[in-house]
Each structure stands twice: as structure tokens, then as C-alpha cells.
Amino acid sequence: MPFRRPAEGLASALAQFNRRAEIVWFGFEGGFDGAAAVIRLPRLPAGALGGGGEAALNGGVIAAGFDAAAVLAGLGHYDTDTVVTLNLSVQYWRLARPAPGLCFRAWATRTTRQVCFIDAVLGDGAEACAGCTGMVMPRGG
């Protein structure tokens, strides 16, 4: 489903999102690609790896990446600076080893004035490592 915010609103929301302390701390970088919010991993902080006893993303980092992607997708639909997570359900399918193109992609499957329903995947374009469903809402919604 296409984003409801106009282009200048998307640009403003994205700039503010990428300056958030938790986004910077995790080494995430948000963007929009068509109707999807994308969280890339250009710089992983110490401690981000170790999932499954190997050089794979830690499960907590994966959950945080999905949360960031869901919030960014929600920001694409509401004229607000703050979107909060109501529900997030993560399914881990295989180890997520850092590789070029590995990113989180989230998109809205349905929106109302107060809730945005989200689906998301973590993958490199060829293989998905994890999936997520969630709900976010604009603050005050």
C-alpha cells in the first residue's frame, strides 16, 4: 500500500528518524523504497553479532531492526513525528549473517486513522532470514 504522506513529509520524517539516538546506536540507516520502509545495516556496533554462536546478527538486534522498520513504515502513513509500537511478533527462520544487501523491509498491509498493520522481512534479496508482523500507531492516536 503506498505511503499516504507527501514526499516532503516523508523526507522530513526520514531525516528526523535517522537522527534518533537508538537508530544511530544500533548502526541502522532508514530509507524509503517504493511503499516499503527499509532499514540498512551500514555499521554494526560491537555486540551486534553472536546469534547462534556464530557471526550472525543477535536476535535482540533483529527484533530492534524490525521495530525500527515498523515505526518508519508507520511514519510514512501519519503526519506526526512519533509513531509507537503496539505489537511486534518476530519469527526467526535462519541465521542472519551480515552480507551486502542485508536489510529489513517493512510495509503497511492496512491502515486506519489510529493503527497501521505491518508486515516485514529481514533478508538480502535472495533469502529471507526472519519475518515480522506488527501494529504501530501515531502518538496520541
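1. The sulfur of Cys-132 lies 12 Å from the closest cysteine sulfur, that of Cys-116, which is too far for a bond. A pair would have to come within 2.5 Å to count as a disulfide. Cys-132 is buried, with a relative accessibility of 4%. Note that the model is predicted.

2. How many disulfides does the structure hold? The number is 0. Cys-103 is likewise in no disulfide, and its nearest cysteine sulfur, in Cys-129, is 10 Å away. Cys-103 has 10% relative accessibility and therefore counts as buried.

3. Turning to the rings, a search of the whole structure gives 5 aromatic pairs. In one of them, Phe-3 and Phe-32 have ring centres 4.9 Å apart and planes at 70°, so this pair is edge-to-face. Phe-3 sits in the segment before α1 (7-18) and Phe-32 in strand β1 (residues 29-33); the two are 29 residues apart, and their pair links distant parts of the chain.

4. Phe-66 belongs to helix α3 (residues 59-75) and Phe-104 to strand β4 (residues 103-111), so the pair ties together parts 38 residues apart in sequence. Both Phe-66 and Phe-104 are buried.

5. Which residues do ring pairs link into a cluster? The members are Trp-25, Phe-26, Phe-28, Phe-66 and Phe-104.

Terms used. Residues are numbered from 1 along each chain as its sequence is written. This is a predicted model: local features need pLDDT of at least 70, side-chain atom pairs count only at pLDDT 80 or more; totals for chains, interfaces and linings use all residues. Side-chain values use heavy atoms; hydrogens and water are left out. Buried means under 20% relative accessible area, exposed over 50%, partly exposed in between (1.4 Å probe, protein chains only). Rings of Phe, Tyr and Trp (its six-membered ring) pair if their centres lie within 6.5 Å; planes under 30 degrees apart count as stacked, over 60 as edge-to-face and the rest as tilted. Helices (H or I, at least four residues) and strands (E, at least two) are DSSP runs, numbered from the N terminus.
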